[in-house]
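Let's take a friendly walk through this structure together. Have the sequence and the coordinates open as you read.

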Amino acid sequence: MAHPVVEFTSASSWAMIEDKFSDFGKETLAKLVQFVKDEVLPAERVAHAQIPTDPEQRWKVVIPVVQDLKVKAKKLGLWNLFLSKAHYPKYGVPLSNLEYAVMAEVLGRGGQMASEAVNCSAPDTGNMEVLARYGSPEQQKKWLEPLLNGEIRSAFSMTERFVSSSDATNIRTSIRQEGDEIVINGHKWWISGAGDPRCALHLVLGKSDPNNSDKYQQQSIVIVPSNAPGVKIVRPMKVFGYDDAPEGHCEVIYDNVRVPLSNLVLGWGKGFEIIQGRLGPGRIHHCMRSIGAAQMALDLMIQRVTDPSRKTFGKYLYQHGTVVADIAKSTAEIEGARLLVLSAAQQIDKFQAKGAMREIAIAKFVVPSMALQVVDRAIQAFGAEGVSQDQPISYAWAGLRTLRLADGPDAVHIQQVGQRELKRAPALTRRAAEIREKEKKLVEKYGLKGHL
C-alpha cells in the first residue's frame, strides 16, 4: 500500500528515499499529510478572514483558527519537526533533515499558517536553532523553552536600512559594553516577526569590534527583549502590497537599548559564526516549502484548465495554445528541484550545514526561481483572477519573488557556487593531462601517429 504522501509529492521521488525514513518518520509524515488535508487547508481562507482590515488591529490579533490548529498539532505530536535530535539531542525530535524536507514540502502547500500550526515557521525556527546550539543554559531556559512550547514568538534582526546587507560585514548597528550592560544602537528593516503581538525577543546582529583586523570577528549577536526601552517599531514593510500581518517585516530602530551582559550569545565576535550556522538550515527550509508552493500552484492550474465551466470558444483551456506544454515543463522543473533539495537535506544529515554549503547554495538560487516560473504559469491560466486576492497563487508569487532576496540574493549564491567550482580547475587540468599522456601511448602502440 502506497504511503499517503504520494498524494502530495511524486511517487518516484518517494520511492527513492522511502527506505531512508524511520518507522517514526513514516508514521509522523502520514499524520502530517492527514492533518494538512483535514485541518490546515480548509482553514487557510478562514485564517486570512480573521485578520482585521483595521490598520492597527491587524497587528494585535492572534489568529483564532491558527491557535486551534496549534493545539491539535501538539496533541498529534506534530511539533518542532524541523529540530533534529541528531544535531540537538536535548531538544530535538527523532527526525532527519531528509525526513523533514518531505514534511516541509507538504507544509509548503498551506503557506505560513501551515508551518506556524506545527511550530515550524520562520523566523522562529532559525532562532530556536541558534539558542539550542549556541545559547547559554540561562538563555535556553528563559527564551528557547517558551519558543519550543509555542508560548512566544521571535524576530531575527540583521538587515539594515541604508546598508548593502547582502554583505553582512557592512552591518553598522553598534553593540558595545558599558559596565555590566550591553548598549545597542541601530536602524534595521525587513525584520520578520517583529510585528507579532507574541514576539518576545529579537536576536540582533551588530558590530561590537569594528576595528578588528578580521572583518568576520567584528560582529556579535545579542538577545533584545521586544519590550525593552528604546526598541521602536517604525512601520511594517509591504511586499508587493502585502504586509504579512500579524508577523510582518518591520523597520525597527534600537535607540540606546540596554540589556544585561548575559544576553550576549556565545561570546564577543561570534556573530558571523552564528549567522552562518543559522542561515544554512533556514535557506534549505525555505526551499523545501517552495517545492510545496510550486506543486500547489501546478495542481490548481490543472484543475483550472480542465474545468468544464471554463471552456472558451468551445474548447477546454488545456486545448488552447501551449497549456499542456506548460504543465509538462512545470512538472519536470518541480521534480528536478525536489531532487536537488532532497540531496541537500541528506548532505546536511551527513555533514551538518557547514559541510553542505555547496548544495544549499545551489538549491537557494535554483528553487525559488523555478517555483516562480511554475506559479507564473498557473497565474496565466487563471487570467485576472490569478493576480487577485481570491487565489493563493498571487500571494505565493509575492513570497517566492521575495525569497530570491531573503537570506542572501541569488547573485551572492551564484557567485559562491561559481567560485567554488573554479577551484576544481587545477585538478581538472591535471586529469586532462593524464588522459592525453595515456592517449599518446595508445597512439604509439597502435601505430596511429599522424592520424590523431
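In which sense do E4 and E5 pair, and over how many bridges? This is a predicted model, and in it the two strands E4 and E5 run antiparallel to one another, joined over 7 bridges. Within this pairing, valine 204 stands opposite valine 222 of E5.

E5 itself deserves a look from both sides. One side carries Gln219, Ile221, Ile223 and Pro225, the other Ser220, Val222 and Val224, and all of these are buried, which leaves both faces of the strand covered. Since 7 of the 7 residues of E5 are buried, the strand is largely enclosed by the rest of the structure.

**Aromatic rings**

The structure holds 6 aromatic pairs. A pair of aromatic rings is described by the distance of the centres and the angle of the planes.

Tryptophan 14 and phenylalanine 21 are both buried. In the other pair, tyrosine 216 is partly exposed, at 42% relative accessibility, whereas phenylalanine 272 is buried, at 14%. Tyrosine 216 sits in the loop between strand E4 (199-207) and strand E5 (219-225), and phenylalanine 272 belongs to helix H8 (residues 271-305), so their pairing ties together parts that are 56 residues apart in sequence.

Charged side chains also lie over rings. Arginine 109 is placed over the face of phenylalanine 8, 4.5 Å from the ring centre. Lysine 311 lies over the face of tyrosine 316, at 4.7 Å from the ring centre.

**The annotated C-terminal region**

For residues 269-420, an unreviewed UniProt entry gives the annotation "domain: Acyl-CoA dehydrogenase/oxidase C-terminal". In the model, the chain over residues 269-420 is 74% helix and 0% strand, with its end C-alpha atoms 26 Å apart.

Which residues does serine 330 contact, leaving aside its neighbours within four places in sequence? They are Leu298, Val374 and Arg377. Serine 330 has its place in helix H9 (residues 323-351). With a relative accessible area of 0%, serine 330 counts as buried. Glutamine 373 is 43 residues away from serine 330 in sequence, yet the two are 7.8 Å apart in space, C-alpha to C-alpha.

How values were computed
Residues are numbered from 1 along each chain as its sequence is written. This is a predicted model: local features need pLDDT of at least 70, side-chain atom pairs count only at pLDDT 80 or more; totals for chains, interfaces and linings use all residues. Side-chain values use heavy atoms; hydrogens and water are left out. Rings of Phe, Tyr and Trp (its six-membered ring) pair if their centres lie within 6.5 Å; planes under 30 degrees apart count as stacked, over 60 as edge-to-face and the rest as tilted. Buried means under 20% relative accessible area, exposed over 50%, partly exposed in between (1.4 Å probe, protein chains only). Helices (H or I, at least four residues) and strands (E, at least two) are DSSP runs, numbered from the N terminus. A charge sits over a ring if NZ of Lys or CZ of Arg is within 6 Å of the ring centre and within 35 degrees of the ring normal. Two strands pair if DSSP finds at least two bridges between them. UniProt positions are given in the numbering used here, feature names are shortened, and annotations may be inferred rather than shown by experiment. Contact means heavy atoms within 4.5 Å.
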